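Please read them with the structure open.

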Amino acid sequence: MNAYDIVMDLVSKVSDISELPQIGAYNIRADGAGAARQNTENIQIITKTDKPGIDIMVKPGTKGEKVFIPAVITRGGVDDLVYNDFYIGEGADVEIIAGCGVHNCDCEDSHHNGIHRFFVEKNARVRYVEKHFGEGTGTGKRIINPVTEVFAEEGSYIEMDTVQIEGVDSTKRVNKAVLKEGASMVVTEKIMTHDDQVAETHFDVDMVGQGSSCHLVSRSVAKDNSRQLFQSYMKGEAQCYGHSECDAIIMDSATVSAIPEVVAADVEAQLVHEATIGKIAGEQLIKLMTLGLTEAQAEEQIINGFLR
Amino acid sequence: MLELEHISYALPDGKQIIRDVSLKIPDEKFVVITGPNGGGKSTLAKIIAGILTPTQGSIRLDGEDITGLGITERANRGISFAFQQPVRFKGITVRDLLSLAAGRELSVKEACGYLTEVGLNGVGYVEREVNASFSGGELKRIEIAMIMARGTKISLFDEPEAGIDLWSFKNLISVFEQMHDQIKGSIVIISHQERILDIADEIVVIADGQIAQIGGKEQILPELLTGAPAPCGCCKGGIC
């Protein structure tokens, strides 16, 4: 496979596009440098001058457009650090498809550290989809450490779907958000770890505005000898509603920790946390086996459904 | 033909749940198993489905000894089992389950067809996750729809009427009758309901882990309905 094919193969795995889109904005980053870019009338992507990364400027009122910003690493020994800032103009409604794919057939580690900040203006809506994926036969580790910071203005809405299903040896994800009056955030995280992988997720959400809300759902499967940590800190400083849910299936010799913290600093703050860690329920396996599936097939169906 | 020969089942602590049960379920028969709570009916159903292994005895399906076969192998040989307490799944939809039951990917229309037959109308049900948002009665109907989608030669139901409201009960009876006509297999239902007993070809009364009575509904039903004391296993259908 040549370099272009490796890049596009990884891009397709993390962003569901198999070729460069004809319409819509995109920026593809490969091995620490910009590889391709397209702007539209409403969405401008500008290279930062003070540090590596880009500013994605979405004009107020932009509706229904998508932005693709995958980053891929095709070899070992790459240490990529990128700062991407998204400015979502007032009343806009857009979708951002990000993601990171690391292909490492070498013996040196490869890192991708993406620091994403979202400035979501009044009444804007944004859906952010991010997929992390690793592959390759080398002994070098595939390491992805993303940071997201959300500044949600009045009446805005941000939805984040993040998925890491396979091949990432180590990940530490840090998510921070400040939600103003009437702002809402919905985060859905799906993680599967296997072998000796390590995955950490930290959420820090501050609901400062009246009527703000946050809903965090983390579903994970830990197999083999892998380790996972889920930590959430959710603070309500006004009349608000916060809900976080960590639901994990543990298998083999894996370890899963859930450390939730909810802090109410207003009598009208309503905060809920749920954490469940357990093995696949025996009755679920039995039910699917009575439909003719083998135990292994039943397990696969249950996990695929759980992480869907 | 499903044949149970001298089946016994004891718990690890030695408590005997099923005692020397022998039973033949011929092809295309509609058999209802009834009897007092705790008598061993559900245990017997689980032994037939392969979920529990009998401590003694053997099970034959169409002449083949299936005693040593697991749940999957029995399912693939044509045994279906609707649980008394249906299982919930996170992320698995009603259509997924019906497709797994049918052994192929069902279209929305096909899945809706099965659901309509069990009284769950509306496309809205098909793509819903089979999770805690469903009521017990809805889950029971999905469980029955799965058995219909499988269409196997032995369909085993453990108290299908539990949680189903009275209004829907009449439809439930016609579902079983229709299934019997269409699939041309044997239907075995564990039930306490007179109206289900009334459509049986044969009624088996299980009490204290044994067959207390067995026979046509004309023979068994009047005795059960006259309020005669519940028969016990020790006197084989007599009244102690």
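**Notes on the model**

1. Four strands of chain B make an open sheet, in the order β2-β1-β4-β5, with antiparallel pairing. The edges are β2 (16-25) and β5 (64-65) of chain B. Each has a single partner strand, so one side of each is left without a neighbour in the sheet. Bear in mind throughout that this is a predicted model.

2. The β4-β5 pairing. Strand β4(B), residues 56-61, pairs with β5(B) in the antiparallel sense over two bridges. Which residue of β5(B) is the bridge partner of Leu61(B)? The partner is Glu64(B).

3. Strand β7 of chain A. This strand covers residues 93-103. Of its 11 residues, 10 are buried, so β7(A) is largely enclosed by the rest of the structure. Strand β5(A), residues 63-73, runs parallel to β7(A) and is joined to it by 10 bridges. Within that pairing, Ala71(A) has Cys100(A) as its bridge partner. Strand β9(A), residues 125-135, also runs parallel to β7(A), with 11 bridges between them. There, Gly101(A) is the bridge partner of Phe133(A).

4. Aromatic pairs. Together with Phe118(A), they form one aromatic cluster.

5. A stacked pair in chain B. For Tyr125(B) and Phe134(B), the ring centres are 6.0 Å apart. Their planes are at 20 degrees, under the 30-degree limit, so the pair counts as stacked. Tyr125(B) is buried, at 16% relative accessible area. Phe134(B) is buried too, at 2%. Phe134(B) also has a charged neighbour: Arg128(B) lies over the face of its ring, 3.9 Å from the ring centre.

6. In chain A, Arg125(A) sits over the face of Tyr157(A). The distance to the ring centre is 4.3 Å.

7. The interface. Chain A puts 19 residues into the contact and chain B 24. The area buried between the two chains is about 1800 Å². Carbon and sulfur atoms give 63% of that area.

8. Salt bridges across the interface. The count between chain A and chain B is three. Lys90(B) forms a salt bridge with Asp247(A). The closest N and O atoms of Lys90(B) and Asp247(A) are 2.2 Å apart.

9. Helix α3 of chain B. Is this helix enclosed or open? Eight of the nine residues of α3(B), residues 94-102, are buried, so the helix is largely enclosed by the rest of the structure. The buried residues include Arg95(B) and Asp96(B), along with Leu97(B), Leu98(B) and Leu100(B). The packing involves both chains: the buried residues of α3(B) lie against α2 (282-289) and α3 (295-306) of chain A, and against α4 (108-117) and α5 (136-150) of chain B. After the helix comes Gly103(B), with a positive phi near 80 degrees.

10. Val205 of chain A. This residue lies in strand β15(A), residues 198-207. Val205(A) is buried, with 1% relative accessible area, because buried means under 20%. Leaving out residues up to four places away in sequence, Val205(A) touches Ala177(A), Leu179(A), Met185(A), Cys214(A), Tyr233(A), Met234(A) and Lys235(A). Ile259(A) is 54 residues from Val205(A) along the chain, and their C-alpha atoms are separated by 14 Å.

Technical notes:
Residues are numbered from 1 along each chain as its sequence is written. Chains are lettered from A and ligands numbered from 1 in the order in which they are written. This is a predicted model: local features need pLDDT of at least 70, side-chain atom pairs count only at pLDDT 80 or more; totals for chains, interfaces and linings use all residues. Side-chain values use heavy atoms; hydrogens and water are left out. Buried means under 20% relative accessible area, exposed over 50%, partly exposed in between (1.4 Å probe, protein chains only). Contact means heavy atoms within 4.5 Å. Two strands pair if DSSP finds at least two bridges between them. Rings of Phe, Tyr and Trp (its six-membered ring) pair if their centres lie within 6.5 Å; planes under 30 degrees apart count as stacked, over 60 as edge-to-face and the rest as tilted. A charge sits over a ring if NZ of Lys or CZ of Arg is within 6 Å of the ring centre and within 35 degrees of the ring normal. Buried area is the accessible area (1.4 Å probe) that two parts lose on being put together, summed over both. A salt bridge is a side-chain nitrogen of Lys or Arg within 4 Å of a carboxyl oxygen of Asp or Glu.
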